[in-house]
Amino acid sequence: MTNLTTVDCPQTRRVIRALSLPALIRLVSEIDDNGPISRRHGSLQSTFDDLTAAQLGYAIERARDFGLIYRDEDERVRYRLTTSGEDLAGVYDTAARWARTHRYPTVASDFVTRVQHALALLGQAPALARGAARIGDSCGLLVSGGSVLSLEALAALDGPETALAAWLQTNPNVLDHTGFRSSHAEDEWAPAA
C-alpha cells in the first residue's frame, strides 16, 4: 500500500471522510447503476426513500461541489454524473468488491457499508502498512471495529487504494471542498437506513 501514503494523511482522511458520506455513495451509485434521474415530480425523493430530505440535499450539494453531478436545465433529466462522478462510481465499486471478497466489515454488509469501511481503511494506509510489516507471516491484522484482516486482504487493498489515488490525482479540486459546511453534520453522516 503505497499510493495514498504520498498524500498528507490528515488531508487524505478528510477527503475519504467526505467521499464516504452514505447519501453521496447512494446518489453516485444510483445514477451510475440506473442512469440519470428524471425531472418527474417526486422521482428524486422516491428514488432515495431511505434518505431524509436533509441527507439527500446535502449529498447533492456535495456532489455538485466535487463536480460529480450536473443538472440539465433544458433537458428532461434532473441530474447526470460527470466523468468524475462516473470514475468515482468505479472507485466505489472497486472498494465494495474488495470488501465483499474479504467479508469486511461483515459477510452481510450492504454496498454502502462496504464502501464506507473499505475507504476508512484506506485512510489508515500508513498505519496498516506498518502493522502488516510487524506481523510478518501471522494470521492477520486486527483493524478498527474488531475485524481481523489477513495479509492477503491487506495486500489486495492495493486495488481500491490505486483506484482512489488515481481518482484523486485527476480530481484535485475535491481537496478544496472537504470540510463540513452544515449544521446538521451528524444527521448527514449517519449511515443510510
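pLDDT is the predictor's confidence in each residue, from 0 to 100. This is a predicted model. The protein has a mean pLDDT of 81, and 74% of its residues reach 70 or more.

**Confidence along the chain**

Helix H5 has the highest mean pLDDT among the elements of the protein, at 98. Helix H10, residues 185–189, has the lowest, at 44. Over residues 180–193, pLDDT stays under 50. For that stretch the model has 29 contacts beyond four places in sequence.

**Helices H5 and H6**

H5 spans residues 83–101 and H6 spans residues 111–122. The two helices pack at an angle of about 95°, and their axes are 8 Å apart. Angles of 65 to 115 degrees count as roughly perpendicular, so H5 is roughly perpendicular to H6. From H5, the contact is made by Tyr92, Asp93, Ala95, Ala96, Trp98, Ala99 and Arg100. H6 contributes Phe111, Arg114, Val115, Ala118, Leu119 and Leu121. By class, this contact has 10 nonpolar and three charged residues, with no polar ones.

**Two residues around this pair**

Is histidine 102 buried or exposed? Histidine 102 lies in the loop between H5 and H6. Its relative accessibility is 18%. Buried means under 20%, so histidine 102 counts as buried. Leaving aside neighbours within four places in sequence, histidine 102 is in contact with Glu152, Ala153 and Ala156.

Alanine 120 is found in helix H6. Alanine 120 has a relative accessible area of 34% and is partly exposed.

**Strand pairing**

Strand E3, residues 77–81, is joined to E1 by bridges. E3 is also joined by bridges to E2. Both pairings are set out below.

| Strand | Residues | Joined to | Bridges | Direction |
|---|---|---|---|---|
| E1 | 37–38 | E3 | two | antiparallel |
| E2 | 69–71 | E3 | three | antiparallel |

One bridge partner can be named for each pairing. Serine 38 has valine 77 as its bridge partner in E3. For arginine 71, the bridge partner in E3 is tyrosine 79.

Key. Residues are numbered from 1 along each chain as its sequence is written. This is a predicted model: local features need pLDDT of at least 70, side-chain atom pairs count only at pLDDT 80 or more; totals for chains, interfaces and linings use all residues. Side-chain values use heavy atoms; hydrogens and water are left out. Axes are lines fitted to C-alpha atoms, for helices over the stretch in contact, and angles run from 0 to 180 degrees between N-to-C directions. Helices (H or I, at least four residues) and strands (E, at least two) are DSSP runs, numbered from the N terminus. Angles under 35 degrees count as roughly parallel, over 145 as roughly antiparallel, 65 to 115 as roughly perpendicular and the rest as oblique. Contact means heavy atoms within 4.5 Å. Ala, Val, Leu, Ile, Met, Phe, Trp, Tyr, Cys and Pro count as nonpolar, Asp, Glu, Lys and Arg as charged, and the others, Gly among them, as polar. Two strands pair if DSSP finds at least two bridges between them. Buried means under 20% relative accessible area, exposed over 50%, partly exposed in between (1.4 Å probe, protein chains only).
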